[in-house]
Amino acid sequence: MRLLSGVCGLVMAAAIAAPAIAQQRDEDVIAYRQEIMKTMGAQSTMIGMVLAGMVPDKLLSTHFEVLLQSIRQAKSAFEPNVPGGNALPVVWAKHDDFIAKLNAAEQSIIKAIEISKKDGAGGQSGEAAVDALSCKGCHDVYKKP
Ligand code: HEC
């Protein structure tokens, strides 16, 4: 409840604030991209639960769809050169490679959406999910352990 009213307060404050903040605070830039990553973490957990048969597979493709939007959001959210949080400076030193990894993830997730719509939690969905959830390949290079 406290979190909810905090978030609502933030939205209200933003609504009455002066238009488009010209100067962004580093801590907000970092918090924003971390929230996007947390969304990806939550979707990955749910995908795992569906594939393990713990919950019905009706929503499987929608989890990949949310993941797809998050990956796209990450491309913008990591644009400002703001090292900190758990992001290593190499994110910006090798930004082309960093973005290439996000692009590759995007393509794998698009495939996983198609396959999971067809196969549900069975068929090729497991393999497609492994490809789509190649998070570690980036974290190993670009994120503090
Ligand atoms: C192209 C690189 C890249 C890919 C792909 C990627 N991440 Fe991340 N992730 C990062 C970086 C960099 C950080 C550190 C961000 C920060 O602290 O500023 C991070 C942080 C995180 C965090 C911690 C967020 C927090 O601070 O609480 C989670 C959870 C996470 N990622 C989940 C995922 C999942 C799940 C996937 C795959 C579906 C994924 N990431 C794919 C680069 C990536």
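Is Lys117 buried, exposed or partly exposed? Lys117 is partly exposed, because 14 other C-beta atoms lie within 10 Å. On this scale a residue is buried if 20 or more other C-beta atoms lie within 10 Å of its own, exposed if 12 or fewer, and partly exposed in between, with C-beta atoms placed from the backbone. Lys117 belongs to helix α5, and its C-alpha atom is separated by 8.9 Å from that of Lys58, 59 residues apart along the chain.

The model is predicted: local features need pLDDT of at least 70 and side-chain atom pairs count only at pLDDT 80 or more, whereas totals for chains, interfaces and linings use all residues. Residues are numbered from 1 along each chain as its sequence is written.

The protein chain holds seven helices and zero strands, and its elements follow the order α-α-α-α-α-α-α from the N terminus on. Helices (H or I, at least four residues) and strands (E, at least two) are DSSP runs, numbered from the N terminus. The C-alpha trace of the protein chain spans about 50 × 40 × 25 Å along its principal axes. Of the 145 residues of the protein chain, 19% count as buried. Among contacts in the protein chain with a separation of 6 or more, 74% are between residues 24 or more positions apart; two residues are in contact if their C-beta atoms, placed from the backbone, lie within 7 Å.

The largest nonpolar core has 19 residues, and Phe64, Ile109, Ala112 and Ala132 have the most contacts inside it. Two or more residues of this core come from each of α2 (26-51), α3 (60-77), α5 (95-119) and α6 (125-132). The largest share, six residues, is that of α5. A nonpolar core is here a set of buried Ala, Val, Leu, Ile, Met, Phe, Trp, Tyr and Cys residues joined through C-beta atoms within 7 Å. In soluble globular proteins, nonpolar side chains tend to be buried together. Not counting residues up to four places away in sequence, Ile109 touches Phe64, Leu67, Leu68, Ile71 and Ala132.

Helix α6 was examined next. Its buried residues are Ser125, Ala128, Ala129 and Ala132. They lie on the same side of α6, because they cover an arc of only 100 degrees around the axis, the arc being that of the directions from the helix axis to the C-beta atoms. The cover over the buried residues of α6 includes α2, α3 and α5. Within this helix, Ala128 counts as buried because it has 20 C-beta neighbours inside 10 Å. Ala128 touches Lys111, Ala112, Ile115 and Ser116, not counting residues up to four places away in sequence. The C-alpha atoms of Ala128 and Ile109, 19 residues apart along the chain, are separated by 7.9 Å.

Helix α2 has 26 residues, which should span 38 Å at 1.5 Å a residue, and the end C-alpha atoms are 38 Å apart, in agreement. The expected span is 1.5 Å times one less than the number of residues. Arg33, Met37, Gln43, Ile47 and Val50 are buried in α2, and what covers the buried residues of this helix includes α3 and α6. Ile36, also in α2, counts as partly exposed because it has 19 C-beta neighbours inside 10 Å. Ile36 touches Ser70, Gln73, Ala74 and Ala77, not counting residues up to four places away in sequence. Just after α2, Gly53 takes a positive phi of about 80 degrees.

Asp96 lies in α5 and is exposed, because 7 other C-beta atoms lie within 10 Å. Asp96 and Tyr32 are 64 residues apart in sequence and 21 Å apart in space, C-alpha to C-alpha.
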